[in-house]
Amino acid sequence: QVQLVESGGGLVQAGGSLRLSCAASGGALSGRVMGWFRLAPGKEREFVAAIDRSARNTYTADSVKGRFTISRDNTRNTVDLQMNSLKPEDTATYYCAAGSRDSAPKDYGLGSEYAYWGQGTQVTVSS
């Protein structure tokens, strides 16, 4: 059973940066697709970014493209989300998600493609 724990959230002013990290225990992240999603009050869960098993390909939502970067370190069993030029509309709880081992999602942006989820970390961007 893979357990995911996010860290790095906090309060930041608009234009600032944060780096979220997702650490795994109970199983290796290598061989798994990894993703970040976010949930803001009154809104539906939103795909943010994903990275494939090899780390050769990354996928980011249009709303964060050019500002957010996803990366992974399989030796450390972690996945990070570097968030730059933050905007108030980025305020949300951010969740790390891991796919089943060796899965090949048809759509990296679908939450149903991921088998394991963290508890989330809050990001608040003030204007």
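Predicted model: local features only at pLDDT ≥ 70, side-chain atom pairs only at ≥ 80, totals over all residues.
User: Let's take disulfides. How many does the structure hold, and which residues are joined?

Analyst: A disulfide here is a pair of cysteine sulfur atoms within 2.5 Å. The structure holds one, and it joins C22 to C96, with S to S at 2.0 Å. C22 sits in strand β3 and C96 in strand β9, so the link ties together parts that are 74 residues apart in sequence. Strands are DSSP runs of E, at least two residues long, and helices are runs of H or I of at least four, both numbered from the N terminus. The angle about the S-S bond is -75°, which goes with a left-handed link.

User: Are C22 and C96 buried or exposed?

Analyst: Both C22 and C96 are buried. Buried means under 20% relative accessible area, exposed means over 50%, and partly exposed is in between (1.4 Å probe, protein chains only).

User: Which strand pairs with β1, and how do I read the side chains along β1?

Analyst: Two strands pair if DSSP finds at least two bridges between them. β1 (residues 3-7) pairs with β3 (residues 18-25) in the antiparallel sense, over five bridges. Within that pairing, E6 has C22 as its bridge partner in β3.

User: What about the nonpolar core? Which residues have the most contacts inside the largest one?

Analyst: In soluble globular proteins, nonpolar side chains tend to be buried together. A nonpolar core is a set of buried Ala, Val, Leu, Ile, Met, Phe, Trp, Tyr and Cys residues joined through side-chain atoms within 4.5 Å. The largest one here has 36 residues, and those with the most contacts inside it are L4, M34, W36, L81, M83 and Y94. Elements giving two or more residues to this core include β3, β4 (34-39) and β11 (121-126).

User: And salt bridges: how many are there?

Analyst: Side chains of opposite charge can pair when their charged atoms come close. The cut-off is a side-chain nitrogen of Lys or Arg within 4 Å of a carboxyl oxygen of Asp or Glu. A search of the whole structure finds seven. One of them joins E46 and R38 at 2.8 Å, N to O. R38 is buried, at 5% relative accessibility, whereas E46 is partly exposed at 29%. R38, E46, R67 and D90 are linked in a network of salt bridges.

User: Which parts does the D102 and R53 pair tie together?

Analyst: D102 and R53 meet at 3.6 Å, N to O. D102 lies in the loop between β9 and β10 (116-117) and R53 in the loop between β5 (46-51) and β6 (58-60), so the pair ties together parts 49 residues apart in sequence.

User: Last one: what is the phi of N77, and what is the phi of S85?

Analyst: Most residues other than glycine have a negative phi. N77 has a positive phi near 60°, and S85 has a positive phi of about 50°. N77 lies in the loop between β7 (68-73) and β8 (78-83) and is buried at 15% relative accessibility. S85 is in the loop between β8 and β9 (92-98) and is partly exposed at 40%.

Note on methods:
Residues numbered from 1 in each chain as written. Heavy atoms only, no water.
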